[in-house]
Amino acid sequence: MARNNWHLPWEQYVETLKPHERPMMPGSPATPDHSWPVRIQYALTGLLVAMVGSLGNAAVTANIQNLQGSLGITITEAAWLPVAFVMTNACMNLILVKFRMQYGLRLFTQIFLGAFVLVCAAHLFVDNYQSTLLVRAIAGMAGAGLSSLGFLYIIQAFPAAHRLKGLIIGIGLASFAVPIARLIMPSLLQLGDWRAFYLYELGMCLVAWGAVQVVKLPPSERLRVFDRLDFLTFALFAPGVALLCAALGLGRIVWWTQAPWIGWALVGSIVLLTAAFLVEHNRKNPLINTRWLTGPDLLRLFGAILLIRMVLTEQTSGAVGFLTVVGLGPDQLHGLFVVILLSMIAGTLVSAFTLNMEKLNKPIAIALALIALGAWIDSHSTILTRPAQLYFSQALIAFASAMFIGPALMIGIVKVLTQGKQNLISFIVMFSVLQNVGGLAGGALTGTLQIVREKYHSNQLAAGISALDPQVALRLRQLSGAYASTLTDPALLNAEGAALLSRQVTQQANVLAYNDVFLVIAVIAALGCAWVTVTHLRPRWKARRDAKNNMTDAAAQNTATQAAAVAAAD
């Protein structure tokens, strides 16, 4: 469709579109048949916009200790920075979808790209913790808009016959940000600490802004869709999700039973989210269709999404944490993250080009099986394990992380298309919340389990150490010998040897604890794989059983008919 028709009113423009070129719903752009050069422009613009929206948070999460030192803040204060991003990012889709429907894509694009430019520029002038925290929260809101915008651009790059592939690739782009951030951050930090990264992010954002001004999205239908109760729901839902994110993100750091505010945050989250769902449950045109979302098929899907997001923290928290414990720095992990990035790209492409709408549960089961295998391999790590020994297992997990998300999204979209397009907002909101909350819940699970098991193994190892043991005494002398040239006091030498031995015991306990975490994740993923597989095969088993019963009934009826005929002849 020629671009010179885009200026027409929507009612006239839509008449010029072929059936496959019309948007799926209001707020989504039309998908006219572009030329291949234009499709390539849309693909590059979508990739750029998607990376801009997710790279900043990935960089903060991957280098939180460095940022902590740069700002001069505590571990707890630093943990709030990525949590603040997730708190605002998780619930913004509740409003963004309707905003696109009512005000159109152009205003949507200008607001969120403009907001992100301001956020990136603000980082250059922010030098205190409070301002940085506010900027990260605003970045979460802008990032949600940019993720949607990048997704819409990617879809334009694919012809109608392959549009589902574009949908899967578009949704998977955001996951590339974490390995990319791990690869580029060490060099940027060496150039000029965090200011160098903020300049880089601002430059990318300005390029993206220029790109969307040149490569515009096709028009979309606009309707008045906002209702007064939508804002009441958002006022209840957003703080409820924010409190839940805060509790999950900070619980293992301040410790669950030591900080009373964790309990109050969870209580507040339950109350607010319950109130929001009660409001929606009794609405005629709900923003969140609770009756539809609580259907058995969707509950199983949401359970699978939450489960996979939780076990995927084996890579983002578990493996990286383990390698940090054994003394490796960011520069020594480059090879590992190159492998992870390539595996994610491969997983996304395989998911897109092997898509089978009749077997959408199958890739989810395969992803869980790969995660289980990778985590089980990692559970045999030792204090001598290095990144090269983790390439295969982490490649499996990275491949699985990219492989599952497309089919999971397609299951929901199929439900939306067959059961009413008005449920799209409900599905997108729950999908986004589960992605964000699942990641935080997985981090909380792995972090808490690692701390508990480290204390256990420390006690077990320390209980077996006695100064009267000749081997222990020899080890103490070897360790203290490193200070023999500088310390002459025997008591101080023994104290230094004991301190070194204690650190080695703690390090070994941490390694054993991470092995326990990996093993637990492997078991959870294996059980999830079995559950999804049974769910996938149950309809086939039922169909075969019904067919067998029908054949038996038909044979019995045929026998009875023949017997009756013989009796009549006699």
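Modeller: Below we begin with the cysteines and then move on to a few other places.

A word on the ground rules: this is a predicted model, where local features need pLDDT of at least 70 and side-chain atom pairs count only at pLDDT 80 or more, while totals for chains, interfaces and linings use all residues. Residues are numbered from 1 along each chain as its sequence is written, and side-chain values use heavy atoms, leaving out hydrogens and water.

Now the cysteines. Searching the whole structure turns up 0 disulfides, a disulfide being a pair of cysteine sulfur atoms within 2.5 Å. Cys91 is buried at a relative accessible area of 4%, and Cys245 is buried at 0%. Here buried means under 20% relative accessible area, exposed over 50%, and partly exposed in between, using a 1.4 Å probe and protein chains only.

Thr45 is another buried residue, with a relative accessible area of 4%. It is found in helix H2; helices are DSSP runs of H or I with at least four residues, numbered from the N terminus. Apart from neighbours within four places in sequence, Thr45 is in contact with Tyr153, Ala211, Val212 and Val215, where contact means heavy atoms within 4.5 Å.

For contrast, look at helix H14, residues 334–353, which holds Leu342. Leu342 is exposed, with a relative accessible area of 54%. Together with Val338, Ile345, Leu349 and Phe353, Leu342 forms a nonpolar patch on the surface, with about 440 Å² of accessible area in all. Such a patch joins nonpolar side chains (Val, Leu, Ile, Met, Phe, Trp, Tyr) within 5 Å, from residues with over 30% relative accessible area and no salt bridge; like charges are joined within 9 Å. A salt bridge is a side-chain nitrogen of Lys or Arg within 4 Å of a carboxyl oxygen of Asp or Glu, and accessible areas come from the Shrake-Rupley method with a 1.4 Å probe, with only the protein chains shown counting as cover for residues. An α-helix has 3.6 residues a turn, so residues three or four places apart point the same way.

Finally, a case in between: Lys18 is partly exposed, at a relative accessible area of 45%. Lys18 lies in the loop between helix H1 (10–13) and helix H2 (36–62).

Notes
Helices (H or I, at least four residues) and strands (E, at least two) are DSSP runs, numbered from the N terminus.
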